[in-house]
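Visitor: I have a structure open and would like to go through it with you. Could we take it piece by piece?

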Amino acid sequence: MHALGAHLLVELRDCNPEILKDLGKVKDALVSAAKEARATIIDVSFHEFNPFGISGMVVIAESHLSIHTWPEYGYAAVDIFTCGDIIKPEVAANYLIDRFESKNPSIVEVKRGILSCSNEKLPHKVCDAELEMVS
């Protein structure tokens, strides 16, 4: 089924809590995952909570990667939303599974932007000025 984007909901259970509570390691992991997936990084924003836990987002030209960590439970919730055909979100997901040492991960893929009733491939971008489709 053709869609504008793929959204991976990544559940990282039984992770290394020392990694999940380290802002530098979490930020580096998400940025590196985006690079591994061949994404174009636009912006990076992370916040560390007191006493622990991190939320962050890597905005990419193709959409985003986000994370919320609960080191006290060894758990991280990750969203990887990508558009187009070049980016491989599963590469980013597998990279993060390894980096956070998740012993019990799961991935659910949701197709986003299923707009074609005839199941034809849609162009990734639309020309803003005239609303003409371009590939």
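**Cysteines, sheet and rings**

Guide: Cys-83 is buried, with a relative accessible area of 18%. Please note that this is a predicted model.

Visitor: Why does 18% put Cys-83 in the buried class?

Guide: Cys-83 counts as buried because its relative accessible area of 18% falls under the 20% cut-off.

Visitor: And Cys-15, buried or exposed?

Guide: Cys-15 is buried, with a relative accessible area of 6%.

Visitor: How many disulfides does the structure hold?

Guide: The number of disulfides is 0.

Visitor: Let us step back. How many helices and strands are in the chain?

Guide: The chain has 3 helices and 8 strands. Starting at the N terminus, the order of elements is β-α-α-β-β-β-β-α-β-β-β.

Visitor: In what order do the strands sit in the sheet?

Guide: An open sheet is formed by 6 strands, ordered 2-3-4-5-1-6, with antiparallel pairing. Strand 2 (41–48) and strand 6 (104–112) are the edge strands, each pairing on one side only. From one strand to the next, the twist averages 10°.

Visitor: What holds paired strands together in general?

Guide: Strands of a sheet pair through backbone hydrogen bonds, in either a parallel or an antiparallel manner.

Visitor: How many bridges join strand 2 to strand 3?

Guide: Strand 2 and strand 3 (residues 54–60) are antiparallel and joined by 7 bridges. Within that pairing, Phe-46 has Gly-56 of strand 3 as its bridge partner.

Visitor: What about strand 1, with strand 5 and strand 6?

Guide: Strand 1 pairs with strand 5 over 8 bridges, in the antiparallel sense, and Val-10 stands opposite Val-78 of strand 5. Strand 1 also pairs with strand 6, again antiparallel, over 9 bridges. Ala-6 has Lys-111 in strand 6 as its bridge partner.

Visitor: Now the helices. Which strands does helix 3 lie across?

Guide: Helix 3 (residues 89–99) lies across strand 1 (5–13), strand 4, strand 5 (75–83) and strand 6, and runs at about 10° to strand 1.

Visitor: Strand 5 keeps coming up. Where does Thr-82 lie, and is Thr-82 buried or exposed?

Guide: Thr-82 belongs to strand 5 and is buried, at 4% relative accessible area.

Visitor: Which residues is Thr-82 in contact with, leaving aside its neighbours within four places in sequence?

Guide: With those neighbours set aside, the contacts of Thr-82 are Leu-4, Gly-5, Ala-6, Ile-60, Glu-62, Ser-63, Ile-87 and Pro-89.

Visitor: On to aromatics. What is the count of aromatic pairs?

Guide: The count is 1 aromatic pair. The ring centres of Trp-70 and Tyr-75 are 5.4 Å apart and the planes are at 35°, so this pair is tilted.

Visitor: Why tilted rather than stacked?

Guide: The 35° between the planes is the reason, because stacked requires planes under 30 degrees apart and edge-to-face over 60.

Visitor: Which accessibility class does each partner fall in?

Guide: Trp-70 is partly exposed, with 35% relative accessible area, whereas Tyr-75 counts as buried at 18%.

Visitor: Which residue lies over the face of Phe-81?

Guide: Arg-112 does, at 5.1 Å from the ring centre.

Visitor: Finally, what share of the chain is buried?

Guide: Of the 135 residues in the chain, 39% are buried. Among contacts with a separation of 6 or more, 59% come from residues 24 or more positions apart.

Notes: Residues are numbered from 1 along each chain as its sequence is written. This is a predicted model: local features need pLDDT of at least 70, side-chain atom pairs count only at pLDDT 80 or more; totals for chains, interfaces and linings use all residues. Side-chain values use heavy atoms; hydrogens and water are left out. Rings of Phe, Tyr and Trp (its six-membered ring) pair if their centres lie within 6.5 Å; planes under 30 degrees apart count as stacked, over 60 as edge-to-face and the rest as tilted. Buried means under 20% relative accessible area, exposed over 50%, partly exposed in between (1.4 Å probe, protein chains only). A charge sits over a ring if NZ of Lys or CZ of Arg is within 6 Å of the ring centre and within 35 degrees of the ring normal. A disulfide is a pair of cysteine sulfur atoms within 2.5 Å. Two strands pair if DSSP finds at least two bridges between them. Helices (H or I, at least four residues) and strands (E, at least two) are DSSP runs, numbered from the N terminus. Axes are lines fitted to C-alpha atoms, for helices over the stretch in contact, and angles run from 0 to 180 degrees between N-to-C directions. Contact means heavy atoms within 4.5 Å.
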